[in-house]
4 protein chains.
Amino acid sequence: MQCDSRSLRGVIPALVTPIDGEGDVDKRSLERLIRFQLDAGVHGIFVGGSSGEVALLDSVQRGNLVKTAVGMVAGAVPVLVGAVDTGTRRVIEHARKAVALGADAVVVTAPFYVRPNPREIVEHFRLVQAALGHPVVAYDIPSAVGSRLTPDIVEELAASKLVVGLKDSSGDLVTFREILRRTRRLNGFPVLSGSELLADVAIELGAHGLVPGLANVDPDGYVRLFQAASHGDRAKARAEQDRLAKLFEIISVADLGRIGFTAGALGAFKAALVLRGIISNGVTNVPLSSLVDRELAEVATILHETGLAPDIPLQVEVA
Amino acid sequence: MQCDSRSLRGVIPALVTPIDGEGDVDKRSLERLIRFQLDAGVHGIFVGGSSGEVALLDSVQRGNLVKTAVGMVAGAVPVLVGAVDTGTRRVIEHARKAVALGADAVVVTAPFYVRPNPREIVEHFRLVQAALGHPVVAYDIPSAVGSRLTPDIVEELAASKLVVGLKDSSGDLVTFREILRRTRRLNGFPVLSGSELLADVAIELGAHGLVPGLANVDPDGYVRLFQAASHGDRAKARAEQDRLAKLFEIISVADLGRIGFTAGALGAFKAALVLRGIISNGVTNVPLSSLVDRELAEVATILHETGLAPDIPLQVEVA
Amino acid sequence: MQCDSRSLRGVIPALVTPIDGEGDVDKRSLERLIRFQLDAGVHGIFVGGSSGEVALLDSVQRGNLVKTAVGMVAGAVPVLVGAVDTGTRRVIEHARKAVALGADAVVVTAPFYVRPNPREIVEHFRLVQAALGHPVVAYDIPSAVGSRLTPDIVEELAASKLVVGLKDSSGDLVTFREILRRTRRLNGFPVLSGSELLADVAIELGAHGLVPGLANVDPDGYVRLFQAASHGDRAKARAEQDRLAKLFEIISVADLGRIGFTAGALGAFKAALVLRGIISNGVTNVPLSSLVDRELAEVATILHETGLAPDIPLQVEVA
Amino acid sequence: MQCDSRSLRGVIPALVTPIDGEGDVDKRSLERLIRFQLDAGVHGIFVGGSSGEVALLDSVQRGNLVKTAVGMVAGAVPVLVGAVDTGTRRVIEHARKAVALGADAVVVTAPFYVRPNPREIVEHFRLVQAALGHPVVAYDIPSAVGSRLTPDIVEELAASKLVVGLKDSSGDLVTFREILRRTRRLNGFPVLSGSELLADVAIELGAHGLVPGLANVDPDGYVRLFQAASHGDRAKARAEQDRLAKLFEIISVADLGRIGFTAGALGAFKAALVLRGIISNGVTNVPLSSLVDRELAEVATILHETGLAPDIPLQVEVA
């Protein structure tokens with residue numbers, strides 16, 4: 001599947017990585033999740049991103065994840081794979097494996113743990129591109145990485161064709177808009193928003209697509225939102241976004257005294273998918289915790305309130 | 001070499017990883033660097049830490065680094081190896097390789113990229129220890145990791161014997177002291193300071209050892225400081241610390257418009273080692289930049305002013 | 001002039017405070033500035049806010065500022081006055097003076113310097129309201145204050161009628177939108193955006209008005225943008241916003257090695273107003289610096305490029 | 001009382017401001033507090049600082065505070081008064097009043113709310129000094145102010161004689177030590193530490209005095225610590241510091257869900273002073289909360305454990 005400015009658009013959910021009781025990638029659940037997404041009409045899938053717990057996956061898990069995803073998608077839509085790591089050489093190692101397994105594009109952040117400057121960040125992408133010769137999507141996620149892909153950096157990456165698109169999870173709509181302004185002249189360079197809550201606005205401002213984690217739980221909602229916003233039906237897009245904002249409250253049900261922020265959010269996505277009957281197990285990868293019964297009940301209530309009535313009874317074992 | 005509360009003390013330099021013109025680990029330079037350190041009387045070495053560019057090393061580089069270091073040290077002192085990565089399973093992968101290659105202990109941070117809570121951080125160390133059955137040193141470096149190993153966490157890790165010691169690079173002397181107070185009763189649990197500039201104070205407060213990056217350049221200075229501070233010769237320790245503070249100014253000669261913070265600091269360590277005739281090449285790992293001539297001249301001046309007159313002419317090729 | 005949910009809407013520029021050569025408030029320039037704004041059709045004015053250098057004004061300057069503004073506006077539109085200070089009692093002192101001088105509403109932040117929690121922040125507004133018995137507008141500006149007026153806080157302030165509106169300068173469109181959702185049912189509680197660059201989006205999402213600092217320089221532009229966005233003419237609003245984004249680049253011409261961030265931004269607003277012939281002097285209040293000639297020339301260029309050709313020659317004395 | 005490099009040394013407690021049931025400054029309690037301090041042998045007092053709730057005091061409270069303190073001290077030791085405000089002109093207003101009421105020196109931070117650069121910060125102190133002609137002490141408290149008085153800034157302030165000393169509440173011992181190194185040659189320029197927990201280390205490194213908030217509760221302890229550390233009796237200084245570290249745990253008994261950080265810390269100081277029979281009322285200034293019974297009991301327990309057995313029964317009304 002070619003990955004270019006025409007194919008990188010629409011709704012590309014950042015999938016969770018289902019885990020089974022032994023801690024292995026749960027291939028059956030992953031296949032059901034992908035089927036669920038394709039049935040909803042998504043335009044691509046993104047595995048091994050932040051929502052996919054990329055930072056917690058070992059080599060075997062990564063391999064199984066990519067193999068299963070590529071096999072299941074079978075060319076229907078582009079498969080993007082995260083090659084997220086601290087440094088250039090390590091990113092290249094991951095990226096080569098992903099490409100060998102059939103990834104249509106790899107998704108790469110700036111180096112982290114170290115503190116590079118903008119020139120060194122551009123050099124990082126230059127080296128990854130040179131080593132790979134395959135589409136690379138730049139990934140701005142300062143909450144995890146600690147630095148920004150500034151408009152200057154993105155403009156240089158785009159103009160030099162070092163990347164084929166951007167996933168923006170900065171939460172900063174001012175710079176997102178500035179990036180849209182600067183890349184507008186570059187033949188439709190795809191700018192994708194990772195925002196769950198400003199998805200309609202992003203599309204209205206000219207973004208080419210959406211890569212929300214919440215689309216795991218409700219791909220149909222984001223597909224409807226994307227269609228409405230793309231066709232200028234603001235009222236419909238707004239209503240869908242408001243409903244999805246309500247749904248997004250599931251990431252806040254967890255007690256942060258007991259469980260960390262990441263586990264609370266990703267655990268809620270997984271819990272909702274269990275409750276909807278898509279995946280079998282709500283656990284997150286070690287060392288993260290999972291939701292407990294009281295929290296699951298709150299997730300179920302929110303699903304109900306947003307029209308996603310759980311398909312299975314509440315007493316299902318989630319954690 | 002056993003790694004326990006008796007052997008984890010004294011000066012344990014956090015070594016840089018010399019790189020050659022092809023980007024490979026420069027084994028000859030690494031051997032000379034280790035010989036230089038052992039001749040100065042250091043009590044251990046730490047490879048593959050932050051000063052060793054751990055975040056930038058690929059699998060081959062890591063393997064060569066550990067093999068060369070273990071071979072060169074040959075049991076003379078403990079060899080600590082960084083197993084720094086974002087998640088538990090990935091840390092275990094690195095740690096197993098390091099142990100297989102002869103590491104006496106592995107050095108492990110909290111998970112990063114993700115945002116764990118204290119319970120999940122303790123669980124991380126519990127799982128690493130369980131998988132490894134080999135000494136683990138906890139590593140607190142919030143500037144890179146984004147979270148803290150709080151006194152509560154360290155006390156639990158120490159009391160539960162999940163780790164055999166702590167390397168503190170927090171820069172926060174208040175919590176460092178609190179950790180010393182809390183672990184005092186635990187049979188000499190080793191608390192090591194990564195501070196270049198408060199090394200004498202750390203020892204006077206009861207720290208068991210020092211893991212400074214600057215010891216790459218002047219191991220003799222830190223060994224003298226450690227001995228003086230350990231034996232209560234405050235005036236001598238103070239004078240040595242003042243000289244080393246002057247030497248540490250080499251990390252600030254780089255122009256941060258041109259080069260990132262990490263490259264400016266590690267590049268200065270390497271440049272000084274080139275100027276002192278220990279390693280052959282001052283380059284840092286991709287994608288980081290290296291110092292330029294004007295900056296090298298400043299490093300040389302500071303070496304001269306702190307009694308470490310360069311052994312070789314300035315026109316040596318460094319970058 | 002009553003200040004309520006009907007009058008708090010539209011464009012309410014956050015005015016700079018013109019200063020003369022002796023450091024006093026330049027009343028003539030202030031009057032010309034207000035005339036310039038009223039002629040453009042603004043719906044209110046806000047003096048003594050962050051753009052008005054409130055943190056730098058002494059008692060005499062504050063008094064002169066409010067008296068002159070109230071006199072010049074003469075009831076044509078509401079006059080909002082900043083009562084920004086670190087604690088409740090100090091805010092009340094300022095607020096009483098402002099009301100005595102004719103302010104239609106006072107604009108109040110959370111306490112700062114101290115670190116209050118949400119309950120204490122609500123208590124702060126409760127006490128200010130009780131002491132004043134006059135309209136209070138809540139002001140969220142975390143970059144200056146260091147804490148947030150969260151959606152929970154704003155909802156409580158609005159529902160309890162402790163404030164008559166919100167000025168949001170958080171830069172965070174996600175929470176801005178959440179606040180709009182939560183206050184929608186409260187009889188048109190006015191939510192005003194301080195954003196220069198997302199003004200059109202804010203209106204499209206349901207904001208009642210705009211309080212941008214950049215409106216000092218181009219009130220006509222923001223009035224056109226507001227009208228277009230309010231009437232659903234998205235293309236026109238978008239075009240106006242794009243031009244104003246270009247104009248906003250004047251805040252980045254200053255060399256931050258020489259001059260601080262605040263002075264660079266407010267100095268640019270003042271320099272542009274000098275160049276447009278509205279105020280006489282581009283100086284900022286002590287201890288801030290002002291722009292230098294090279295920077296002035298850049299401001300003039302940007303004015304020219306955005307259709308605001310300077311009315312007076314460049315050699316005017318600005319600093 | 002002259003305030004110079006000879007008189008600015010020793011223990012100078014940063015006093016709380018006792019408040020009565022009507023919210024006025026409780027003069028009797030303040031007098032008892034000052035008598036308590038003088039009896040303990042303190043070398044100066046500091047009123048209207050961060051521990052004195054300076055950010056929350058109105059004009060009347062400030063006036064009463066300074067008059068009462070100056071009258072009670074009666075020249076026995078220097079009286080330092082905080083002139084903390086956001087901008088130069090406002091600081092000068094406060095400082096003039098304080099000097100007129102008998103302050104021996106005023107204590108001044110960098111401007112805040114605005115974002116000045118180092119040059120503008122130096123200019124701020126230059127203007128304050130020029131307007132005042134009276135001793136000014138520079139105050140570095142980045143947790144409240146948001147910027148640093150860097151070693152470069154302090155060195156310039158000291159060398160240009162714009163300030164007569166520094167109070168460092170940065171919590172950063174590395175720069176504190178650098179400042180000591182740089183000012184050593186300047187005829188004993190007094191560098192005072194605001195640290196509760198590194199007071200002994202600060203003195204051992206060459207600091208001239210201590211300005212801890214915790215000295216409100218136990219001035220005798222800090223005087224003993226200062227004497228011991230000054231005379232090289234490290235064991236005694238260390239033991240005193242360890243006991244005071246235990247005492248400092250009172251600032252952490254408050255439930256931060258109910259009460260803000262500042263109120264939790266200052267409320268604990270006041271509660272301890274009530275329990276020790278020195279002041280009458282533990283309330284903090286509006287809008288801050290005060291401790292509740294359960295928290296008071298914890299404070300009493302800690303007082304008991306650190307040898308400061310409460311003089312009065314626990315059922316005293318504190319909040």
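Which residue of chain A does the side chain of B:D85 meet in a salt bridge? The side chain of B:D85 meets that of A:R90, with N and O 2.5 Å apart; a salt bridge here is a side-chain nitrogen of Lys or Arg within 4 Å of a carboxyl oxygen of Asp or Glu.

## Basis of the model

This is a predicted model, in which local features need pLDDT of at least 70 and side-chain atom pairs count only at pLDDT 80 or more, whereas totals for chains, interfaces and linings use all residues. Residues are numbered from 1 along each chain as its sequence is written, chains are lettered from A in the order in which they are written, and side-chain values use heavy atoms, with hydrogens and water left out.

## The contact between chains B and A

Chain B and chain A each give 51 residues to their contact, where contact means heavy atoms within 4.5 Å. The two chains bury about 4000 Å² between them, with 55% of that area on carbon and sulfur atoms; buried area is the accessible area (1.4 Å probe) that two parts lose on being put together, summed over both. On the side of chain B, the residues B:R89, B:R90 and B:Y113 supply 23% of the area buried against chain A, more than any other three residues.

Between chain B and chain A there are four salt bridges, and 32 residue pairs are in polar contact, both residues being at pLDDT 80 or more. A polar contact is a pair of N or O atoms within 3.5 Å; within protein, one must be able to donate a hydrogen and the other to accept it, and residues adjacent in sequence count only if both atoms are side-chain atoms. The elements of chain B that give two or more residues to the side touching chain A are α2 (59-73), α3 (88-100), α4 (118-132), α5 (142-145) and α11 (261-275), helices being DSSP runs of H or I with at least four residues and strands runs of E with at least two, numbered from the N terminus. By class, this side of chain B has 23 nonpolar, 16 polar and twelve charged residues, with Ala, Val, Leu, Ile, Met, Phe, Trp, Tyr, Cys and Pro counted as nonpolar, Asp, Glu, Lys and Arg as charged, and the others, Gly among them, as polar.

## The contact between chains C and D

In the pair formed by chains C and D, 51 residues of chain C are in contact with 51 residues of chain D, and about 3900 Å² is buried between them, 55% of it on carbon and sulfur atoms. Within chain C, the residues that lose the most area to chain D are C:R89, C:R90 and C:Y113, which together make up 23% of what that side buries. Four salt bridges are counted between chain C and chain D; one of them joins D:R90 to C:D85, with the closest N and O atoms 2.6 Å apart.

Chain B and chain C do not touch, their nearest C-alpha atoms being 12 Å apart. Chain A and chain D likewise do not touch, and their nearest C-alpha atoms are 12 Å apart.
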